[in-house]
Amino acid sequence: MTQAFVRQYAFYYDSGVCSGCKACQGACKDKHDLPPDVLWRHVYEVTGGTWKKEGGLWVPGVFAYNLSMACHHCAKPICGEGCPTKAIYKRDDGIVLIDTLACIGCRYCEWACPYGAIQFDLESRIATKCHFCYDEVGAGQPPACVAACPMRALDFGDFEDLKKKYGGTSEVFPLPEASVTEPALLIKPHKDASRANKDTAEVANWEEI
Amino acid sequence: MPGPSEREWSLIGFTLLSQTAVGAFWTVAAAFLMTDRRQGLLENRVFTIPFLAAVLALLGLAATVSLSHLGRPGRAPSALFNLRRSWLSREILFELAFIFLVLSLAVLRYQGRETAPLFRALVLASAAAGLLFLHSMSRLYMLRTVPAWRGLHTPLSFFASALLLGPLGVLAVRGVLFDFPGSLHAFQRTAGLVSLAAVLLILLTVLFFTPRAGVFGAKTETLRDLPEPRIYPLLAFRLLYLGTALLFVFLFQRSQNSGYVLLAFICAAVSEILGRYLFFALYGRIGV
């Protein structure tokens, strides 16, 4: 896939088949040689529900699913709206990038992003994030996370093409409404994801991410 | 989810020092403008060189503290590059404008030109720059992804801090340096009453606006890193009540004891530091 035909690069993620192995997270970290405290792709483990008593028995009503999330290269990138130096910008192919020479490390973008995509690098003292492996996709190769997924839960491509191919949504608990930033993301939700909005659910691995 | 950290402490310092400086300037500017109107002559003594130097020192300290929260402070001048969209850029612009105008006033005062029409115009322009500075400062926190900060309580509490600490600071310093011979000057009494009104504004803001701001509705965990969250608001309120009581005694006793107003200022300042700490601790955005 060449950049000339792409208006908006996007990720597709099938939460139902994801095993939570975090190969995507590791491949990203390895390719970009990220420091210990920085992850450009996170795998959130969402858990919820409870045990219910039915007669004399306790029946499990619990559920869990994974969400592999990176920067979603939003149509309305709120991270860039408030950036005082215009260090965050959007390319013609939709990829949102940070100009590492312009960033002053104020971390305002980190506050704003509802996907936790912005990661402050304590070594370089600037904001960093997923850049969609623009070098790889420019050369016709998939991003590192997509290439590493053993379950083929991740895919990438032009947003409109992915919509036609898979459909999907970007509004899965605990992600915000799509209208907030209009992320270039399509998720095939886990079968239990709809329960997360009704039952008590939470991200269970905050310490890890 | 990050709670208050080293960088937030620098922002606590920056916001409160800046608000105190602007509030103090407004206090003296009001005295200057009111005296002029009522008596038909310029009150030259209110805008003293030491006062203007103190305001500039507060602003300089605030700017220095704020630089410490940047990863790359050497690149700070480029923070002015996004005036069209970024409230952070606008905050820096109006901060610099306020500093420049106060510095200009100090130069005119040093040259003995405080009776010139230009001086009065600069006082008004400086007060307006201070207003825009605080407005930008509050707007930059009102992110649409951070319900805990997106509400009327953010600008109300920021302006209340300026109206509490500024006049009270002017009274406290005035009292320590010169004491208060006889009864209070009209503007000194007004400054004290403005501080009392600011206390009321803070209480109304906390009671009516903060709970509606989604503080308790954010999906992310809040107050996560505070060891004992209840201690901070309770201590902040008790110090505010104590400071208010001391200010009452100071304002309505027969002979003014400057010790009361100094203690009131200390109580208010510590209460505001705790309150601002809680403001940053309550950060909780939508999503993850």
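Which side chain meets that of A:Glu45 in a salt bridge? The partner is A:Lys22, at 2.7 Å from N to O. A salt bridge here is a side-chain nitrogen of Lys or Arg within 4 Å of a carboxyl oxygen of Asp or Glu.

The model is predicted, so local features need pLDDT of at least 70, side-chain atom pairs count only at pLDDT 80 or more, and totals for chains, interfaces and linings use all residues. Residues are numbered from 1 along each chain as its sequence is written, chains are lettered from A and ligands numbered from 1 in the order in which they are written, and side-chain values use heavy atoms, with hydrogens and water left out.

The search of the whole structure gave 13 salt bridges over all chains. In the pair of A:Glu45 and A:Lys22, A:Glu45 lies in strand S2 (residues 42-54) of chain A, and A:Lys22 lies in the loop between S1 and helix H1 (23-31) of chain A, so the bridge ties together parts that are 23 residues apart in sequence. Helices (H or I, at least four residues) and strands (E, at least two) are DSSP runs, numbered from the N terminus. A:Glu45 is partly exposed, at 26% relative accessibility. A:Lys22 is buried, at 17%. Buried means under 20% relative accessible area, exposed means over 50%, and partly exposed lies in between (1.4 Å probe, protein chains only).

A:Lys22 also forms a salt bridge with A:Glu208, with the closest N and O atoms 3.5 Å apart. This pair links distant parts of the chain: A:Lys22 is in the loop between S1 and H1, whereas A:Glu208 is in the segment after strand S10 (201-203) of chain A, 186 residues apart. A:Glu208 is partly exposed, with a relative accessible area of 40%.

A:Asp192 is buried at 13% relative accessibility. A:Lys191 is exposed at 68%.

Chain A also holds an open sheet of three strands, in the order S8-S1-S9, with mixed pairing. Strands S8 (154-158) and S9 (185-188) stand at the edges, each with a single partner strand, so one side of each is left without a neighbour in the sheet. The twist averages 20° from one strand to the next. Such angles run from 0 to 180 degrees between N-to-C directions, with axes as lines fitted to C-alpha atoms, for helices over the stretch in contact. Strand S1 (residues 9-14) pairs with S8 in the antiparallel sense over five bridges. Two strands pair if DSSP finds at least two bridges between them. A:Ala10 has A:Gly157 of S8 as its bridge partner.

Chain B has eight helices and zero strands. Of its 288 residues, 52% count as buried. B:Ser126, in helix H4 (residues 117-141) of chain B, is buried at 0% relative accessibility. The side chain of B:Ser126 reaches the backbone oxygen of B:Leu122 at 2.6 Å.

B:Leu177, in helix H5 of chain B, is exposed, with a relative accessible area of 58%.

Technical notes
A polar contact is a pair of N or O atoms within 3.5 Å; within protein, one must be able to donate a hydrogen and the other to accept it, and residues adjacent in sequence count only if both atoms are side-chain atoms.
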